[in-house]
Amino acid sequence: MYCRISHTKDEDQTGVDRQERICREIAERLQLRVEAAHIHVDNNRSAWQRNRKRPGWGEMLKAMGEGEIRHVIVYHPDRLMRQPKDLEELLSIADDKRVLLHGEANRRDLSDLDDRFILRIEVAHACRSSDDSSRRLKDALKDKAREGKPHVGNRPYGYTGDGQAIIEEEAEIVREVFRRYLDGESPLGIAQDLTARGVTTSKGKTWQPENVRHLLSSNFVAGVRIHQGEELGTGAWPAIIDRGQ
């Protein structure tokens with residue numbers, strides 16, 4: 001049994017708990033026994049990203065290769081794979097094992113030429129759908145950058161979580177760090193002093209030299225909008241230090 005949900009906006013975001021319930025219903029209907037060791041789950045894992053590791057997927061392929069399982073039950077084939085290379089890996093392992101793939105709506109025999117052909121079409125469609133979603137996201141981020149709006153992951157030091165407003169207490173530390181560095185102090189010395197004074201980073205951790213260097217190289221605190229390494233102009237948020245500094 002394999003269940004997966006991505007952190008991205010897939011067309012179907014059926015949760016892994018519901019997927020597992022549906023898969024169990026399929027197993028019961030087919031009178032198949034599912035061992036606990038062969039319930040493989042990849043929660044918050046994308047099948048579209050080529051370099052993303054999926055532990056549950058890897059464990060399932062290993063069990064298939066060792067002949068431990070003859071049936072794969074999944075809510076929908078796109079939970080298994082959204083890249084053609086994943087399907088080919090699955091088919092390669094299943095070649096000598098005559099593995100049956102069961103979904104909510106139908107069954108595929110991985111050794112049957114017609115079923116393999118249909119699966120290849122389905123996976124190609126899923127891959128195209130993911131590519132389209134990625135393109136739309138990239139276009140939206142580019143438009144946001146051109147408008148000068150901030151793109152915030154971790155909370156930038158000196159700002160609120162959305163990057164739109166200054167936290168004055170932290171902003172004073174930002175100005176101090178720049179001033180001291182320009183006066184000749186090293187990132188190590190600055191970090192050690194901040195730690196001794198009990199000042200923490202935006203994540204509540206002690207300051208390290210790399211934190212200081214990251215702050216010093218940040219365009220965000222100067223209100224400069226960067227997108228994919230390119231400076232697009234002044235951002236639509238308040239700057240803590242001026243561009244010259």
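1. Q31 lies in the loop between α1 (16-29) and β2 (40-43). Helices here are DSSP runs of H or I with at least four residues, strands are runs of E with at least two, and both are numbered from the N terminus. Q31 is not a glycine, yet its phi is positive, about 60 degrees. Q31 counts as exposed because its relative accessibility is 74% (exposed is over 50% relative accessible area, buried under 20%, partly exposed in between; 1.4 Å probe, protein chains only).

2. A word on the basis. This is a predicted model, in which local features need pLDDT of at least 70, side-chain atom pairs count only at pLDDT 80 or more, and totals for chains, interfaces and linings use all residues. Residues are numbered from 1 along each chain as its sequence is written, and side-chain values use heavy atoms, with hydrogens and water left out.

3. E170 is in helix α6. E170 counts as buried, at 13% relative accessibility. Its side chain reaches the backbone nitrogen of G158 at 2.7 Å. Leaving aside residues up to four places away in sequence, E170 touches R155, Y157, G158 and Y159 (contact means heavy atoms within 4.5 Å).

4. Helix α6 (residues 168-182) also meets helix α8 (residues 209-216): their axes come within 10 Å and cross at roughly 95 degrees. That makes α6 roughly perpendicular to α8 (65 to 115 degrees). Axes are lines fitted to C-alpha atoms, for helices over the stretch in contact, with angles from 0 to 180 degrees between N-to-C directions.

5. On the α6 side, V174, V177, F178 and Y181 meet V212, L215 and L216 of α8. The residues of this contact divide into seven nonpolar, no polar and no charged.

Methods:
Angles under 35 degrees count as roughly parallel, over 145 as roughly antiparallel, 65 to 115 as roughly perpendicular and the rest as oblique. Ala, Val, Leu, Ile, Met, Phe, Trp, Tyr, Cys and Pro count as nonpolar, Asp, Glu, Lys and Arg as charged, and the others, Gly among them, as polar. A polar contact is a pair of N or O atoms within 3.5 Å; within protein, one must be able to donate a hydrogen and the other to accept it, and residues adjacent in sequence count only if both atoms are side-chain atoms.
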